[in-house]
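Biologist: Please show me how to read the features of a model like this one. I would like the general idea each time, then the case at hand.

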Amino acid sequence: MAQTEQRDSFHSKRGFILSCVGSAVGIGAIWLFPYRVGEFGGAVFLIPFMVFTVLLGLTGVIAEMAFGRSMKTGPVGAFRNGLLQRGKKWGKWLGFIPVLGSFGLGMGYAVVVGWFLKYTIQAFMGTAIYNNDSTAFFGQIAGDFGSLSWHLIVSAAILLVLFGGILNGIEKLNKILMPIFFAIFVFLVVWVAFLPGAVDGYAFLLTPNWDMLLEPKIWIFALGQAFFALSLAGSGTLVYGSYLGENVDVFYVAKYVVIFDILAAVLSVLIIIPAVFSFGMEPAAGPPLMFMVMPEIFKQIPFGSWLAGIFFLAILFAGVTSLVNLYETPIEALQKEFGLSRKMAVFVVVGSAFVLGLFLENGDKLGLWMDIISVYVIPFGALIAGVIFFWVCKPAFIREQLQLGHGKPVSEAYIALGKYLFCGLTALVYLIEIIRNI
């Protein structure tokens, strides 16, 4: 069915960059990265992480942006049109894989963002911090329907943002939230530096065990961290690219996505690791570090509830900007492929995600669901997108799309880098994640 609405677009390069950064800088990157740094002995983990972030960002992120822009549509239309260049007519069905992956991840993400909203409000009120047992407090939230009202509030807020479309919804949101997010993180980095004993955390970070660089495990985990931190999925970044003008240089944009993604990860480490050492806690405490260990730290400091509120507010902003990106992929598919109006598509996606997400209110069920989507669907969508763009689309088409707005010829070496390195690393991530979860 033909689409009747005029296609929306980003108004400025800055708005597009901040939106892509908002997509990449999500809860997962901030939540897991300090834990990985603690687990693998300090700043030594930063080296393979930055290597893979640069390699994947300057190939995969660029490819997804260029692919979406070239087709002016999301993964369903882009995959269909890409395979049509080789006379194949079944690409549309492959395109539904990243759409469903994005929707499935958004369902669970909305629940987690609800957790952070509750923690933010109750941290400012003091109840999230000044309680007898932070573990028990989190257990209540992550229990059956423990954050239903917060889940509903998040879904309603996201609904209103997405009603505004690209220019008046997503772009404006990211222009506001992303600068505030980084400002809060910089403030917290400075504040943590004055905690007694914080120097031990810096010593842990700055005196890494270089022998660990010889261990394959650290490179494997760094590859996975970089892949998911960049939000590579063949969906959200591709859809954002479809709203991009031909005068924008995707190489320039991707460079800033990589820089800010690394910056967010480093800032989160400079907040959490020194704070953990300052109070004699374990830096490799695992995923509970955010919800159980950090509240215990905030309990022991002056103005702890307000500082905790600011901390969780920053992470809440990162979650919201990522969530709008996840929902935009199925919304675009309903608009483009089924002719729904913008508001109807938004209502269908956000409403159905909320209803289905009710079955994920339990933390154990949510964890299992997020693992299934993250392991089996998200990397597969990114792999399909990379293979179609770099291997299926014709070389002249690839070169033309990459050069739009760039002003310089794109070398064969770069295209080969995308074909072999990006697609190879993505396939490796997919294989490793499956093997780890068998």
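**Reading the features**

Modeller: Lys72 sits in the loop between helix H3 (46–71) and H4. Helices here are DSSP runs of H or I with at least four residues, strands are runs of E with at least two, and both are numbered from the N terminus. This is a predicted model, in which local features need pLDDT of at least 70 and side-chain atom pairs count only at pLDDT 80 or more, while totals for chains, interfaces and linings use all residues. Residues are numbered from 1 along each chain as its sequence is written, and side-chain values use heavy atoms, with hydrogens and water left out.

Biologist: What is the phi of Lys72?

Modeller: Phi of Lys72 is near 55°, a positive value in a residue other than glycine. Phe303 also has a positive phi, of about 55°, although it is not a glycine. Phe303 lies in the loop between helix H13 (293–299) and H14.

Biologist: Is Phe303 buried or exposed?

Modeller: Buried means under 20% relative accessible area, exposed means over 50%, and partly exposed is in between, with a 1.4 Å probe and protein chains only. Phe303 counts as exposed because its relative accessibility is 67%. Lys72, at 30%, counts as partly exposed.

Biologist: Which residues form a nonpolar patch on the surface?

Modeller: Patches are made of residues with over 30% relative accessible area and no salt bridge; like charges are joined within 9 Å, and nonpolar side chains (Val, Leu, Ile, Met, Phe, Trp, Tyr) within 5 Å. Here Ile47, Val51 and Trp210 form such a patch, with about 270 Å² of accessible area together. The areas come from the Shrake-Rupley method with a 1.4 Å probe, and for residues only the protein chains shown count as cover. Trp210 is placed in the loop between helix H9 (198–206) and helix H10 (216–229), and its relative accessible area of 51% makes it exposed.

Biologist: How should I read the sides of a helix?

Modeller: An α-helix has 3.6 residues a turn, so residues three or four places apart point the same way. In H9 the buried residues are Ala198, Gly201, Phe204 and Leu205. They lie on the same side of H9 because they cover an arc of only 110° around the axis, the arc being that of the directions from the helix axis to the C-beta atoms. The face of H9 turned away from this buried side carries the exposed residues Val199 and Leu206.

Biologist: How many salt bridges does the structure hold?

Modeller: A salt bridge is a side-chain nitrogen of Lys or Arg within 4 Å of a carboxyl oxygen of Asp or Glu. The structure holds four. One of them joins Glu337 and Arg80, whose closest N and O atoms are 3.0 Å apart. This pair links distant parts of the chain, with Glu337 in helix H14 (residues 304–338) and Arg80 in helix H4 (residues 75–84), 257 residues apart. Glu337 is buried at 13% relative accessibility, whereas Arg80 is partly exposed at 24%.

Biologist: Where do Glu171 and Lys175 lie?

Modeller: Both are in helix H8 (residues 165–193), four residues apart, about one turn of the helix. Glu171 is buried at 1% relative accessibility, and Lys175 is partly exposed at 27%.

Biologist: Which residues have the most contacts inside the largest nonpolar core?

Modeller: A nonpolar core is a set of buried Ala, Val, Leu, Ile, Met, Phe, Trp, Tyr and Cys residues joined through side-chain atoms within 4.5 Å. The largest has 159 residues, and those with the most contacts inside it are Trp115, Phe181, Met290, Phe311, Tyr327 and Leu402. Contact means heavy atoms within 4.5 Å. Apart from neighbours within four places in sequence, Phe181 is in contact with Val25, Ile30, Ala264, Ala314, Phe317 and Ala318.

Biologist: What does Tyr119 touch?

Modeller: Tyr119 lies in helix H5 (residues 91–125) and is buried at 1% relative accessibility. Not counting residues up to four places away in sequence, Tyr119 touches several residues, including Phe137, Phe291, Pro295 and Phe312. Tyr119 and Phe312 are 193 residues apart in sequence, yet their C-alpha atoms are 6.7 Å apart in space.
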